[in-house]
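Open the model in your viewer and keep the selection tool at hand. The tour goes from one selection to the next and says what is there.

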Amino acid sequence: MKKIADNADMIVNGYAFTQNNENYRVLNLNKPEHALVIDSNGNVLETSMDDIEIQIVKDYFLKNKKYMETSHA
């Protein structure tokens, strides 16, 4: 978990966001079995999260992705 958190591009409320080409991987650091892959528009590509958690993570992503894009410029 520490390695994932250290390598994350952004962490918001216990969710580690890591950019992978044009997609983003999201891992719940408190429940590592809850993961999500989304595209740059927030469309879900793969997930093991329920619908409520997906919406929470998408909201975090869409509000904060500008900070991740800056780190890769």
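## A stop-by-stop tour

Select Glu 53 and Asn 28: their side chains are joined by a polar contact of 2.9 Å. Bear in mind that this is a predicted model.

**Glu 53.** Stay with Glu 53, which lies in helix α2. Which side chain of opposite charge is nearest to Glu 53? Select Lys 31 to find it, 6.7 Å away. Glu 53 is buried but has no salt bridge. A salt bridge would need a side-chain nitrogen of Lys or Arg within 4 Å of a carboxyl oxygen of Asp or Glu. Now show what surrounds Glu 53: apart from residues up to four places away in sequence, Glu 53 touches Tyr 15, Asn 28 and His 34.

**The nonpolar core.** Tyr 15 is among the residues with the most contacts inside the largest nonpolar core, together with Phe 17, Val 26, Leu 36, Met 49 and Val 57. This core has 13 residues. To see where they come from, colour the elements that give two or more residues to the core: the strands β1 (10–12), β2 (15–20), β3 (23–28) and β4 (35–39), and the helix α2 (51–71). The largest share, four residues, is from α2. In soluble globular proteins, nonpolar side chains tend to be buried together.

**Val 57.** Select Val 57 and list its contacts, leaving out neighbours within four places in sequence. What does Val 57 touch? The contacts are Tyr 15, Phe 17, Val 26, Leu 36 and Met 49.

**Phe 61.** Move to Phe 61, also a residue of helix α2. Is Phe 61 buried or exposed? Phe 61 counts as buried because its relative accessibility is 0%. Beyond its neighbours within four places in sequence, Phe 61 is in contact with Phe 17, Tyr 24, Ile 38, Asp 39, Ser 40 and Gly 42.

**Thr 18.** The last stop is Thr 18, in strand β2. Thr 18 is partly exposed, because its relative accessible area is 25%. With neighbours within four places in sequence set aside, Thr 18 is in contact with Asn 7, Ala 8, Asp 9, Asn 23, Tyr 24, Arg 25 and Met 68. Finish with the C-alpha atoms of Thr 18 and Ile 38, which are 11 Å apart in space and 20 residues apart in sequence.

Notes
Residues are numbered from 1 along each chain as its sequence is written. This is a predicted model: local features need pLDDT of at least 70, side-chain atom pairs count only at pLDDT 80 or more; totals for chains, interfaces and linings use all residues. Side-chain values use heavy atoms; hydrogens and water are left out. A nonpolar core is a set of buried Ala, Val, Leu, Ile, Met, Phe, Trp, Tyr and Cys residues joined through side-chain atoms within 4.5 Å. Buried means under 20% relative accessible area, exposed over 50%, partly exposed in between (1.4 Å probe, protein chains only). Contact means heavy atoms within 4.5 Å. Lys and Arg count as positive and Asp and Glu as negative; His and the chain ends are not counted. A polar contact is a pair of N or O atoms within 3.5 Å; within protein, one must be able to donate a hydrogen and the other to accept it, and residues adjacent in sequence count only if both atoms are side-chain atoms.
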